[in-house]
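User: I would like to go through this structure step by step. Could you guide me through its details?

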Amino acid sequence: MNSVRPQSGSGSPTLDEVARVAGVSRATASRAINGGQRVSPRAQSAVDLAVRTLGYVPNPAARSLVTRRTDSIAVVVPEPDDRVFTDPFFAGTLRGVTRVLGERDIQLVLLLARPGASTARTLRYLTGRHVDGALVVSHHRDDRLAEHLSDIGLPCVFGGRPWTGGDRVAYVDVDNTAGEREVTELLITGGRTRIGTVAGPSDMTAAADRLAGWRQAMTAAGLAADAVEHGDFTEESGVHATRALMERHPDLDGLVVASDLMAAGALRVLAELGRRVPDDVAVVGFDDLGVAERTTPTLTTVRQPVVAMAERATRLLLERVDQAEGSHPMRLIIPPALVRRDSA
């Protein structure tokens, strides 16, 4: 390797200086620094030493040109801004994602793809390959994101089973049907015979699967499964749905709610109506993301490990990005866990 000469001026060392000191061509130095191919072990070692000696800092743009990688991952959330920043589900998801990306020094790009023009704009951005891959959470039936991302060949993983295109993309999900069935059976074995449900949005697979679990348990026990209202996983929607349920079915003695936030709204309504929980009406939720521990009474619920699921989904996505070609879709289903508290 050539001897190191003092740099002229006070500027940062350049790629040309690294190449000169390492005794290689500028192109070889660029490939060695930026992770390209066709670099011999001897040349790689010489360039690495030159970089350390000179204190050279690689240019991210140049690295991207060589590797065709952006070192960034998108988290796509087809939801309104206010819900993303208030629902603990999204906070837990982002915590899990950033924990994994931080290990690899990869940047997170948050894309809020609301229905309509926003979704189209998001798809244009992803098609332009401004990120290396995408993790999609809280998706809806009409967004068809699984099919779109599969068509453009962008590595992607879904948090939750997609409505369509689920055979073409990888996803990580909790067993929503089993969780809701188990918590409904808890009320049934506790002697409740008139059990209603506040289900989630009918255009989301998590909500549909949880509603199916409730119906399975009710049908198996020979109980009527007619007391159903839908919310949108927010607390206020839980308030409205529970009021409607209690007006139509004032004899309810059990309430299965598809999220803890909606269950918190249900508890508010039952308190206003003078119905004691769990004496008059037993209430159960789904999620266990902190809300259930703060309600009065504390909420019996189904735990889905959101942070751990987001970590698994992010690691799976990075594996797909690194594999580049030929990776088959993988589905990982996490078993839920029943958490007993005071509401049932």
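**Working through the model**

Analyst: Let us begin with a contact to the backbone: a polar atom in the side chain of Glu17 lies 2.8 Å from the backbone nitrogen of Thr14. Please keep in mind that this is a predicted model.

User: Where is Glu17 found?

Analyst: Glu17 is part of helix α1, which covers residues 15-22.

User: What is the nearest side chain of opposite charge to Glu17, and how far away is it?

Analyst: That side chain belongs to Arg20, at 4.6 Å. Glu17 has no salt bridge, although it is buried. The cut-off matters here: a salt bridge needs a side-chain nitrogen of Lys or Arg within 4 Å of a carboxyl oxygen of Asp or Glu.

User: How many salt bridges does the count come to?

Analyst: The count comes to 21 salt bridges. One of them joins Asp322 and Arg104, whose closest N and O atoms are 3.3 Å apart. Because Asp322 belongs to helix α13 and Arg104 to helix α6, this pair ties together parts that are 218 residues apart in sequence.

User: Are Asp322 and Arg104 buried or partly exposed?

Analyst: Asp322 counts as partly exposed, with 42% relative accessibility. Arg104 also counts as partly exposed, at 38%.

User: What about Asp287, which residue does it meet in a salt bridge?

Analyst: Asp287 meets Arg210, with an N to O distance of 4.0 Å. This pair links distant parts of the chain, 77 residues apart: Asp287 is in the loop between β9 (282-284) and β10 (301-303), while Arg210 is in helix α10. Asp287 has 12% relative accessibility and so counts as buried. Arg210 counts as buried as well, at 3%.

User: And which residue is the partner of Glu236?

Analyst: Glu236 forms a salt bridge with Arg268, and their closest N and O atoms are 3.1 Å apart. Glu236 is in helix α11 (residues 235-248) and Arg268 is in helix α12, so the bridge ties together parts that are 32 residues apart in sequence. Glu236 counts as partly exposed at 41% relative accessibility, and Arg268 is partly exposed with a relative accessible area of 35%.

User: Changing topic: how many cavities of 30 Å³ or more does a search of the whole structure find?

Analyst: The search finds three cavities of that volume. In the largest cavity there is about 440 Å³ of space. Its lining is made up of 34 residues, and the closest to the centre are Phe89, Gly159, Ala206, Arg210 and Gln304.

User: What volume does the second largest cavity have, and which residues line it?

Analyst: The second largest cavity has a volume of about 50 Å³. Its lining includes His139, His140, Arg141, Asp143 and Arg144, and also Phe158 and Trp163. By class, that lining has five nonpolar, three polar and three charged residues.

User: What is there to say about the phi of Arg144?

Analyst: Arg144 has a positive phi of about 50 degrees although it is not a glycine. Most residues other than glycine have a negative phi. Arg144 lies in the loop between β3 and α8 (145-152), and its relative accessible area of 40% makes it partly exposed.

User: And what is the phi of Arg129?

Analyst: Arg129 has a positive phi of about 60 degrees, and it is not a glycine either. Arg129 is in the loop between α7 (117-127) and β3. With a relative accessible area of 40%, Arg129 is partly exposed.

User: Finally, which residues does a cis peptide bond join?

Analyst: A cis peptide bond joins Val277 and Pro278, with omega at about 10 degrees. Pro278 is in the loop between α12 and β9. A cis peptide bond also joins Thr296 and Pro297, where omega is about -5 degrees. Pro297 lies in the loop between β9 and β10.

How values were computed. Residues numbered from 1 in each chain as written. Predicted model: local features only at pLDDT ≥ 70, side-chain atom pairs only at ≥ 80, totals over all residues. Heavy atoms only, no water. 1 Å grid on protein atoms, 1.4 Å probe; cavity = no way out; pocket = protein on both sides within 12 Å on 5 of 7 lines; lining within 4 Å. Points joined across faces, edges and corners; volume = space filled by probe spheres on them. Nonpolar A, V, L, I, M, F, W, Y, C, P; charged D, E, K, R; others polar. Helix = DSSP H or I, 4+ residues; strand = E, 2+ residues; numbered from the N terminus. Buried < 20%, exposed > 50% of the residue type's maximum accessible area, 1.4 Å probe, protein only. Lys, Arg positive; Asp, Glu negative; His and termini not counted. Polar contact = N/O pair within 3.5 Å; in protein donor to acceptor, adjacent residues only side chain to side chain.
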